[in-house]
Amino acid sequence: FAEADAGQLTFPTKFHMVEPLLGLDHRGKTIFRMSVNPQEIIRKIELGTSGLKLRIEAVNAMCEAGYPCGLLIAPVILTDGWKALYTGLLEELEEGLTEKMKKQMFLEIILMTYSYVHRAINSEAFPNSPDLYDKEKMTGRGRGRYCYRPEIRAEAENFLRKEIKRIFGDASIRYIS
């Protein structure tokens, strides 16, 4: 992509092992997105992935290496105490990200969707992981698929937008879905 006349490559990750990428001649045509979540959710749900502090260090390093960088807050899981968890995440990001990263970053936010197929795969691979389906908060979105009810999604979106504005000012939010 560095040598192509058109196009860019974008990739998200939940892993901190970026060292092999730092010295590449990417010419700004590779967009790096670090997926983040509160450390408690990483520990309980995103099993086998890098911790939040390592993810922050990795995105800072990629930014310093000249990659266009963003943060993918995903999946946003509306568990008990979710507002405090996501405020804490944003505050930890504000404290841990370099000034360079904060100035050029963009945010993308994806609220969790749920499917019985994923549940079956995850329960086999990670038998001790919590069940994330909540019939009070979720509604059908096709056969065996669920998402948060519209009013709950709207509350989460409004909350996240307000907290991002409060903590990061006019940071670019590309979308919340």
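**View 1. Trp82 sits in helix α4 of this predicted model.** Helices here are DSSP runs of H or I with at least four residues and strands are runs of E with at least two, numbered from the N terminus. Residue numbers start from 1 along each chain as its sequence is written, and side-chain values use heavy atoms, with hydrogens and water left out. Because the model is predicted, local features need pLDDT of at least 70 and side-chain atom pairs count only at pLDDT 80 or more, while totals for chains, interfaces and linings use all residues. Setting aside neighbours within four places in sequence, you will find Trp82 in contact (heavy atoms within 4.5 Å) with Ile77, Glu155, Ala156 and Phe159.

**View 2. Phe11 and Phe32 make an aromatic pair with edge-to-face geometry.** Rings of Phe, Tyr and Trp (its six-membered ring) count as a pair if their centres lie within 6.5 Å; planes under 30 degrees apart are stacked, over 60 edge-to-face, and the rest tilted. By this rule there are two aromatic pairs. Phe11 belongs to strand β1 (residues 9–13) and Phe32 to strand β2 (residues 30–36), so the pair ties together parts that are 21 residues apart in sequence. Buried means under 20% relative accessible area, exposed over 50%, and partly exposed in between (1.4 Å probe, protein chains only).

**View 3. Trp82 returns here as the partner of Phe159 in an edge-to-face aromatic pair.** The ring centres of Trp82 and Phe159 are 5.3 Å apart, with 80° between the planes. Helix α4 (residues 82–96) holds Trp82 and helix α7 (residues 150–168) holds Phe159, so this pair ties together parts that are 77 residues apart in sequence. Trp82 is buried at 10% relative accessibility, and Phe159 is buried at 17%.

**View 4. Asn122 is found in helix α6, which covers residues 116–125.** With a relative accessibility of 38%, Asn122 is partly exposed. Which residues does Asn122 touch, not counting those up to four places away in sequence? They are Pro127 and Ser129. Asn122 and Ile45 are 77 residues apart along the chain, and their C-alpha atoms are separated by 9.8 Å.

**View 5. Stepping back, the protein chain has seven helices and eight strands.** Its radius of gyration, taken over C-alpha atoms, is 17 Å, close to the 16 Å from the globule rule for 177 residues, so the chain is as compact as a globular protein of that length; the rule is 2.2 Å times the number of residues to the power 0.38. Along its principal axes, the C-alpha trace spans about 50 × 35 × 30 Å. Buried residues account for 39% of the 177 residues. Of the contacts between residues at least 6 apart in sequence, 69% join residues at least 24 apart.
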